[in-house]
Amino acid sequence: MKSIFIAITLFAVSFSNAQNFTLGDFYSQNELLNEKTDQYFNELNDTSRVGQMIVPATGRLGKNREYVAELAAKGWIGGILLLNGTVDIFTQDVKNFDSIVKTNGHLPLLYSADAEPTLVNRKIANSRNVPKTNQIHHIDSVRKVTKIISEDLNSIGINHNYAPVIDASPNKVVSNRSFGLNMDTVISFSNEFISVTQSHNIIATAKHFPGHGFVKGDTHKELIYIDGEMKEVKNYPPLIENGVLSVMVAHLAIKNNQEFNTEGMPSTCSKKIVTDLLKDSLGFKGLVITDAMNMGGVVNVKNSGLKAAIAGCDQLLMPVDEKQVLFNILNYMKDNEGFQRQIYESVKKIIRMKICLGLLN
C-alpha cells in the first residue's frame, strides 16, 4: 500500500513539473506543450484569436489608456507596448490591464518595451542608468547592462523587449543604437544580449529585419529602399541558431534584387521577405512582429495591417486603427482557408509563448 502511495505521489509530482514550461521550451517538440496550446486556442472564438495578434501602445506616445482598456476588455488585443512613461506608472499599468483581462476572462497580455540600452532610460524614466549601445565595448559589459535592464523590466512586469538592434552603425537612425560596424562584434554582443534577456524570462527581439544599417533615410518618416543586396540578412542565422524568440521586420522596400524585389511595398507587407526569406529560407520559427504600423514607411499603404498578416507577420504593432485591422483579417479569413490556417498558426505561436512565459501555467 505504501509503495502504491509513493508511486502515485511521484507521478503527481512528475505531472505537475511537466506543466511548468520555460522560454527554453518554446522551440522544443513537446506534446504536452502542444496539447496545452491547442487547449487554450480551442477555447477562443475567431475574434479573440485574431485579437492575440494586435499590439497597441499606451503611454505618452501611445493611445490613451481608456481606449486600450476597452480593447483589452473585449479581448481584441494580445499585448501592449508601454511607450514613454515611468517605472511606477508602467508598473501600475500592468496591474490594471491584468485585472481587466482577468475580470473579462481573456488570456493574459504580453507587455513590451523598447528597452535597448540607448533608449531604455528615455522610454522608461527612473529605470537604472545604463550606457548607450554604441558605448558598450566588452562582452562582460553587455552581460552587465542586459542584466540591469532585464531586472528592471521584471520588476515592472514587462516580458517582451524589442532589443537588441543588430543593424550596422552607418545609418544615423540606428548609429548610437548599434553595437558597431564590425559584424562579428554585432553578432556576438547581440547573442549575449539575447541569452541574458531570455534567461530573465523576457522575450528578446532581433531588429530591424532585413537590415536598416546601410540604407539612407528614416522609416519613421517615409518608405526607405535597400538597393540591391541585403547585406545584413547574414547577421540573422547565428541569432536564430542561438534561440532568439522574436524578430522585428522593418518598413524597408527592396529594389534591384531579382529574388526579393518587394515591388514598392515595405518588407512588413511582403510575403517574399517575411515568409519566403525569414521563415522558410532562414528557418525562423519564433514570433515575427512588425515595426510600428503608424510609421511613415507603411502608414500610406492601404489595409497595411491585413497585408502584413498575409505576408506572415504574427504580431501587428501599433496599428493606426486596431479595430479595422482586426475585422479586415476576420473578413479575409472567411473566404480563404489557407489564410485562416496561417492566422491560426500565428495565434498558436503567441499562446505557446505565453505558456512558456508562465502566464498560463
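In this predicted model, helix α8 is followed by N201, a residue whose phi is positive, near 65°. The helix itself covers residues 183–199, 17 residues in total. From its first C-alpha to its last, α8 reaches 24 Å, close to the 24 Å expected at 1.5 Å a residue. At the N-terminal end, α8 is capped by N182, which places a side-chain oxygen 3.0 Å from the backbone nitrogen of D184.

Helix α8 is largely enclosed by the rest of the structure, because 12 of its 17 residues are buried. The buried residues include M183, V186, I187, F189, F193, I194 and V196. Also among them are S190, N191, E192, T197 and Q198. The elements that cover the buried residues of α8 include helices α7 and α9 (236–241), together with strands β7 (160–161) and β8 (203–209).

Two of these covering elements, β7 and β8, pair with each other in the parallel sense over 2 bridges. Within this pairing, H160 has I203 of β8 as its bridge partner. Strands of a sheet pair through backbone hydrogen bonds, either parallel or antiparallel. In the present model, 7 strands form an open sheet with parallel pairing, in the order β2-β3-β5-β7-β8-β10-β12. The edges of this sheet are β2 and β12 (287–290), each of which pairs on one side only.

Helix α13 runs over residues 337–356 and has 20 residues. The distance from its first C-alpha to its last is 28 Å, close to the 28 Å expected at 1.5 Å a residue. Helix α13 is mostly covered, with 14 of its 20 residues buried. At the start of α13, a side-chain oxygen of N336 comes to within 3.2 Å of the backbone nitrogen of G338. Just after the helix, G358 takes a positive phi of about 90°.

Charged side chains were examined next. The count of salt bridges in the model comes to 17. One of these salt bridges joins E322 and K63, with the closest N and O atoms 2.9 Å apart. E322 lies in helix α12 (residues 322–334) and K63 in the loop between β2 (57–58) and α4 (65–74), so this pair ties together parts that are 259 residues apart in sequence. The two partners can also be described by their accessibility. E322 counts as buried because its relative accessibility is 2%, under the 20% limit for that class. K63 has a relative accessible area of 26% and is therefore partly exposed.

Because E70 and K74 are 4 residues apart in helix α4, about one helical turn separates them. An α-helix has 3.6 residues a turn, so residues three or four places apart point the same way. E70 is partly exposed, with a relative accessible area of 31%, and K74 is also partly exposed, at 37% relative accessibility.

Another salt bridge connects E151 with R128, where the closest N and O atoms are 3.0 Å apart. This pair links distant parts of the chain, 23 residues apart: E151 belongs to helix α7 (residues 139–156), and R128 to the loop between β6 (124–125) and α7. At 27% relative accessibility, E151 counts as partly exposed. R128 is likewise partly exposed, with a relative accessible area of 40%.

Salt bridges also link D114, E116, R177 and K207 in a network. Of these residues, E116 was considered in detail. E116 is placed in the loop between β5 (110–113) and α6 (120–123). With a relative accessible area of 1%, E116 is buried. The side chains of E116 and R177 are joined by a polar contact of 2.7 Å. Leaving aside residues up to four places away in sequence, E116 touches I149, N161, Y162, A163, V165, R177 and K207.

Terms used: Residues numbered from 1 in each chain as written. Predicted model: local features only at pLDDT ≥ 70, side-chain atom pairs only at ≥ 80, totals over all residues. Heavy atoms only, no water. Expected span 1.5 Å × (residues − 1). Buried < 20%, exposed > 50% of the residue type's maximum accessible area, 1.4 Å probe, protein only. Polar contact = N/O pair within 3.5 Å; in protein donor to acceptor, adjacent residues only side chain to side chain. Salt bridge = Lys/Arg side-chain N within 4 Å of Asp/Glu carboxyl O. Contact = heavy atoms within 4.5 Å. Pairing = 2+ DSSP bridges.
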